[in-house]
Amino acid sequence: MIKLRPATRDDLPLLRHWDAQPHVIEATGTFEKDSHDWLAEWFPPLRGWIEMLIAELDGRPIGVVQVIDPAEDETHYWGETEPDLCALDIWLGDLADSGKGHGSEIMRQALARCFADPKVNAVLLDPLASNTRAHRLYERLGFRAVERRMFAADDCVVYRIDRENAKLRPS
């Protein structure tokens, strides 16, 4: 069973390890890695606009989820956005955990977490344009592509899901 829990500073070594894995770099691009240690800089409770969660499978960490308020993000990564949105970023740390449905379950739980706040109207994602596997996952969950956009040197597709289109189920 997969559960999401708040990340702690004790998770930083594991997160740094995952962040350096070739499959993670290939899927997430370079934007955040331009910083000398983006994980330490963004880590809670230092920033109120981001929540970092660890996805655990039967108590074993397998992935990470970032829940971001793009309107409050002091880096202005998303530019000007409407209020009452969340932006998500997820990845599995170990390639051996991919292709088993874990990403789908983590996304469902992350969406449920976002939409548990009645003010949240929609959720955004920005997978690399080359990450077609992620595109298929997000489209199966009800996201729709809304624009192709460059984030620094990363060519991305922005996806959006509105509350009424979210395929939520209890976890």
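A residue counts as buried when its relative accessible area is under 20%, as exposed when that area is over 50%, and as partly exposed in between.

**Figure 1. Overview of the predicted model and its secondary structure.** The protein shown here is a predicted model, and buried residues make up 48% of its 171 residues. Its secondary structure comes to 5 helices and 7 strands, which follow one another along the sequence in the pattern β-α-α-α-β-β-β-α-β-α-β-β. The average pLDDT of the protein is 85, and 85% of the residues score at least 70. Among the elements, the lowest mean pLDDT, 57, belongs to helix H3 (residues 38-42), whereas the highest, 96, belongs to strand S5 (residues 122-125). Where pLDDT is low, the predicted coordinates should not be read in detail.

Figure 2. Helix H4 runs over residues 102-115, and its 14 residues reach 20 Å from the first C-alpha to the last, close to the 20 Å expected at 1.5 Å a residue. From the C-alpha of alanine 110 to that of aspartate 89, which lies 21 residues away along the chain, the separation is 9.6 Å. The C-alpha atoms of arginine 108 and alanine 166 are separated by 8.9 Å, although the two residues are 58 apart along the chain.

**Figure 3. Close-up of helix H1 and its buried face.** Helix H1 comprises residues 12-19, and its buried residues are Leu12, Leu15, Trp18 and Asp19. When the helix is viewed down its axis, these buried residues fall within an arc of 125°, so they line one face of H1.

**Figure 4. Close-up of the second largest pocket and its lining.** The volume of the second largest pocket is about 270 Å³, and 15 residues line this pocket, of which Asp69, Leu85, Cys86, Asp117 and Val120 lie nearest its centre. The elements that give two or more residues to the lining are strand S2 (50-57), strand S3 (60-68), strand S4 (85-92) and helix H4. By residue class, the lining of the second largest pocket divides into 8 nonpolar, 1 polar and 6 charged residues.

Figure 5. Aspartate 84 lies in the loop between S3 and S4, and its phi is near 65°, a positive value in a residue other than glycine. With a relative accessible area of 34%, aspartate 84 is partly exposed. Alanine 71 lies in the loop between S3 and S4 as well, and its relative accessible area of 41% makes alanine 71 partly exposed. Between the C-alpha atoms of alanine 71 and alanine 87, which are 16 residues apart along the chain, the separation is 9.7 Å.

Figure 6. Strand S6 spans 144-151 and strand S7 spans 154-162, with alanine 152 in the loop between the two. Alanine 152 has a positive phi of about 55° although it is not a glycine, and at a relative accessibility of 48% this residue counts as partly exposed, exposed residues being those over 50%. Alanine 145 lies within strand S6 and is partly exposed, with a relative accessible area of 47%. Alanine 145 and valine 158 are 13 residues apart in sequence, while in space their C-alpha atoms are 5.8 Å apart.

Conventions
Residues numbered from 1 in each chain as written. Predicted model: local features only at pLDDT ≥ 70, side-chain atom pairs only at ≥ 80, totals over all residues. Heavy atoms only, no water. pLDDT = per-residue confidence, 0-100. Helix = DSSP H or I, 4+ residues; strand = E, 2+ residues; numbered from the N terminus. Expected span 1.5 Å × (residues − 1). Buried < 20%, exposed > 50% of the residue type's maximum accessible area, 1.4 Å probe, protein only. Arc of directions from axis to C-beta. 1 Å grid on protein atoms, 1.4 Å probe; cavity = no way out; pocket = protein on both sides within 12 Å on 5 of 7 lines; lining within 4 Å. Points joined across faces, edges and corners; volume = space filled by probe spheres on them. Nonpolar A, V, L, I, M, F, W, Y, C, P; charged D, E, K, R; others polar.
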